[in-house]
Amino acid sequence: MLGFAAKRLLLLLPVFFAVSLIIFLIVHLVPGDPIDNLIRIGATPQQRAELAAKYGLDKPLFEQYFLWLANLFKGDLGDAIVVRRPVATLIAQNLPYSLTLGSLALLFSTFVGVSAGATAAVHRDSLVDRGIMGLVLLGSTIPGFWIGLLLILAFAVQLGWFPVSGARGWSSLVLPVLTIGLGGTALIARVTRVAMIDISQKDFILLLHAKGLPNWRIQIFHILRHALIPVITVLALRIGWILGGAVTVEFVFARPGLGTLLIKALNQRDYPLVQGCLLMLAIAVMLGTLIGDLLQAAMDPRSRDALKS
Amino acid sequence: MNYIRKTLNSTASLALVGGLSFALAPAAFAQEATFVIASSAVGAPSYYPVKATMLNVSNYLIYDRLIEQDEKQQFHPHLAESWDAAPDGMSWVFKLRQGVKFHDGEPFNAQTIVDWLALFQGTENQFMIDAIDKIEMVDDHTVKLLMKQPDPNLLFNFSSSFMGVPSPKAVKELGDDYGITTAVGTGPYKLESFAVGQETVLTRNDDYTWGSELSQNQGPAKIQTLTMREIPEQSTAFLELKTGGIDLLYDVPTDFLPQIKATPNLETLSLPGLVVMYMPINTSVEPFTDVRVREATALAVNQKEILDNIYKGVGAEAHNFLISSLAEANVDPKYNISYDPAKANTLLDEAGWTMGPDGVRQKDGKPLSVTLWTQGDTEFKRVSEAVQAQLKAIGMQAEITVYDSSTIRDLYKKNQHQLAVRSYDWANADILDWFFSGKRLGYPNISMWNDPKSEELNQKAMTGSRTWEERVANFKTYHEHILSQWLFAPIYQPVQNISYNKDKLRVPAEIRGPGLRGQTILDMEVME
C-alpha cells in the first residue's frame, strides 16, 4: 500500500509542473498588467517603466516563469505587487476561512446528499424518489451567488436569524455553508442512489433478504455500507471543488478567504498573488484526487490493482 | 430584535477570540458605529500614504493634512495655519499649527515636515513634490519651501489623502510593516486593527483638539470606535444597512435609492460628485480622423435622456470634461458640448456620409459602423446601450463590446478602439493632462490626441503658472481648446450618495468637504 501511495505521489510531480506552467501562461497572457493599478493620476510614463522593471515584468516571459518556479521550490511564492505583502502570508491569513467554510459545506452536502440519495434509493421510482431527486437537482442547477442572495433575503433580511455578511462567529457561517453545500448535494445524492440501487440487486443482498434479516438492517449495514465506496471517492475529488466553489460565495457574503483574495487579485492583475491562489486551488484538487485514489485502494483492493496497471 | 442579534453576535465573537463571558457583551452601543466604505476603495492595501497608490476613507481619519478642501474645492488651513507664496512662485512659507501631537506622543513641527517630505524620494508619489528643491526650517513651526519651478498645485497636493502626515519616527522604526500593522498620524482616530479587504477598526484619539475650521467640533471626536467594513458586493452592503448590520454606507448606487427612501429609519445624503462619465473618441482611426464626424458623434449624445431614464434624474448632465465644482469647468458656454441631433446630421452630410435605406449612413460603399467598448458593470452597459441607440438615430451603427477594467486598459494601448464609455474620478484640472497629453497615447490618452497647440497649452497649464489663479486661467484655456477639437462626448456627473441609519447616527445637515471625511465625522455622533 505504501509503495502504491509513493507511486501516486510521484505521478503528481509532472502534473504539478504542467499545472504551474498553465497557470503562469493563463495569468500572463490575459490582457492587462498590475502596473496600471499601481500608478496614480499624474505619474509619468518613465515612472511606469521603472515600476515594470522593479517587479521584473520587463523580462522575457520564460525567464519570469523560471524565476517564479525556482523561488517556488525555495518555498517563496513571492510578494504581491499591488497588495505589497508576501503571497504566502496572504494565503496563510485567508486559507483557514476557506477551509472552515469548505469543510463545513462538504460535511453538510455529504450528510444531506447521502441521506437524500439513500431515501430515494429505498423508495426507488416512487413519488418520494422523484420529489427528492427533483429538489436536489434544482438546488444544484441554481448558481451559488443566486442561492446566496435568496438565503440572505429570507434568513437575514426577513427573519433576521443570521447576519447578512462578514466572518464574525459561527452564525455568519450558516448561510455561506448552506449556499455551497446545497450546490454540492446533488452529485452525492445521485451517486449514493445509483450505488445503492446497484448493490441492492447483488446476489448477496437477495441472500440476506432470504435469510429474513430486517429490511432496515440490510439497507443500512449492507447496501449503504457498500454503496459508500464510490461516494467517498467522489467526496475526495470534491475537496478541491469545494475550495474553488467558495470563490463567488465568499464575495457575495463579504467573507475573507482564498476566493475573495483571488477575485481582487484577478481584477488588479496582481500576478504573483493570482498565481499563488490558483496554485493552492490546483494543489487542493491534486491532493483530493490522491486521497480519493488512496481511500479507494484501501477499501477495495481490486481498484488498487486496476490503478497499478 | 436587531439589538439582540447584534449583541449575541458580538458576544459570540468575543467569547471565541478572548474567552470572555457572555455577560460582558452589553453596553456595545456607546458611541460605536460601523460604516461600509465605497466599493471602489475595497482592498486598499496599506495606510502608509507616502507609498500608497490606493487609500480608503480611514486614511483621512488616521492622518491630518496641512491643508483641507471644502465641497467647492476651496483650500482651508489645517496642520498649516497659513501659507504664503512668493509672487514668482519660487518659494512658499508654511506656518504650522502648534500643540499638535502624533498618536505616539511625538510632536508635530518643522522637523516633521523635513523628514516627511524626504520619505517621498523614490516612491510612486514622488511626482507630488517633484517641484520642491529644498526645505528650510525657519523656526520650530515655520518651513520655507524653495522650488525648482513654480507649482501652485502644491496646495492641492498638500490636501490630498496621499499627503496625510505620518510620524517619520514611526515610519523609520516599523520599516516595511508601517501602514500594515501600525499607522501613526495626528488624526482624530488611531488605527486599532486592519485586515486588508475586510475591516479597519479605529479608536478615538482622546488628545485631539486641532480639528480644522471645516469642523464645528475641534475634537476629540464624539464617536469612540469606528469600524470601517469593506463589502465588495453592493447588494450585500445595502442589505446590511437595511437590516441594521451597519450604520452608514458610502457610495450607494442610484438603483437602491427608492428602497432606501421607503425605509423609515434610513436617510440619504447627496454630495456633489467627483466623477465624470464620458465617451472618448479615438482621433487616430477612421472615421474619427475627420473632425466633423467627431463633432457629430459628440452632439448625438443626449445627456438629459440618460440622466432621466437611467439615473432617474439623480446627478447632473456633463457638458465638458471636468467636474462642475472646479473653476476650470466654467468655460465659455460656446465650448460646452450639448445634444444637437440636427447639427450632427448636417455635419455627417457635409462629411459625405449619406443616409442608407437601412438607417445606417454610408460613404464610398462603406457603412458608418464603429465599435463601442465598455466595462462589465451594469451601469456602464446601460449607458452604452443608450449611447448606441442615440448614435443609431444619426445613422451611426455602434457595436458594443464589454471588457473588464484591466483588459480594456491594455487594449487601449494597442489602439484598436474607436469609441468607449468610461468614467474617471478626480477633482483637479490636471486630469486634462492625464487623458489628453501626447506623452500618454493609448492609455490614458484614449483619444490618441497629439497636436502641437494642445501640447503647448498643456505645458503652460502644467508648469507655466506662478499662482493658483494663473493656473486656473491656463487650464481653462487648455480645456477650451480640448473641447474645440471634439475629442470626447461628455455624458453624466453622478452624485455621491451616502445612506445612514438616522435612528442611530446624528449627521450634520451640511457636509463640509469634497466627501464624507474627517471634518464631518468629527461632528457626527451616536444617539443613545
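This briefing goes through selected features of a two-chain model, from the contact of the chains down to single residues. The model is predicted. In chain B, four strands form an open antiparallel sheet, and helices α8 and α10 have axes that come within 8 Å. A few backbone features, among them two cis peptide bonds in chain B, complete the list.

- The strands of the open sheet follow the order β4-β5-β7-β6 in chain B, and their pairing is antiparallel.
- β4 (80–85) and β6 (132–139) of chain B are the edge strands, so called because each pairs on one side only.
- From one strand to the next, the twist averages 20°.
- β6(B) and β7(B) (residues 142–147) run antiparallel and are joined by six bridges.
- B:Lys134 stands opposite B:Leu146, a residue of β7(B).
- Helix α3 of chain B (residues 110–118) packs on the sheet and touches β5 (91–96), β6 and β7 of chain B.
- The direction of α3(B) makes about 165° with that of β6(B).

**A helix pair in chain B**

- The axes of α8(B) (residues 291–300) and α10(B) (residues 341–350) come within 8 Å and cross at roughly 160°.
- Because angles over 145 degrees count as roughly antiparallel, α8(B) is roughly antiparallel to α10(B).
- The crossing of these two helices, α8(B) and α10(B), is left-handed.
- From α8(B), the residues in the contact are B:Arg292, B:Val293, B:Glu295, B:Ala296, B:Leu299 and B:Ala300.
- They meet B:Pro341, B:Lys343, B:Ala344, B:Leu347, B:Leu348 and B:Glu350 of α10(B).
- The contact of α8(B) with α10(B) has eight nonpolar and four charged residues, and no polar ones.

**Cis peptide bonds**

- Most peptide bonds are trans.
- The bond from B:Gly219 to B:Pro220 is cis, with omega near -5°.
- B:Pro220 is placed in the loop between β9 (199–204) and β10 (225–229) of chain B.
- The bond from B:Tyr443 to B:Pro444 is also cis, with omega near 5°.
- B:Pro444 belongs to the loop between α13 (431–436) and α14 (452–463) of chain B.

**Positive phi values**

- Most residues other than glycine have a negative phi.
- A:Arg269 has a positive phi, near 50°, although A:Arg269 is not a glycine.
- This arginine, A:Arg269, lies in the loop between α10 (258–268) and α11 (271–299) of chain A.
- A:Arg269 counts as buried because 26 C-beta neighbours are inside 10 Å.
- B:Met448 also has a positive phi, near 55°, in a residue other than glycine.
- The loop that holds B:Met448 is the one between α13 and α14 of chain B.
- B:Met448 is buried because 21 other C-beta atoms lie within 10 Å, and the cut-off for a buried residue is 20 or more.

Technical notes
Residues numbered from 1 in each chain as written. Chains lettered and ligands numbered in written order. Predicted model: local features only at pLDDT ≥ 70, side-chain atom pairs only at ≥ 80, totals over all residues. Axes fitted to C-alpha atoms, helices over the stretch in contact; angles between N-to-C directions. Parallel < 35°, antiparallel > 145°, perpendicular 65-115°, else oblique. Left-handed = near helix turned anticlockwise from the far one by under 90°. Contact = placed C-beta atoms within 7 Å. Nonpolar A, V, L, I, M, F, W, Y, C, P; charged D, E, K, R; others polar. Pairing = 2+ DSSP bridges. Buried ≥ 20, exposed ≤ 12 C-beta atoms within 10 Å, placed from the backbone.
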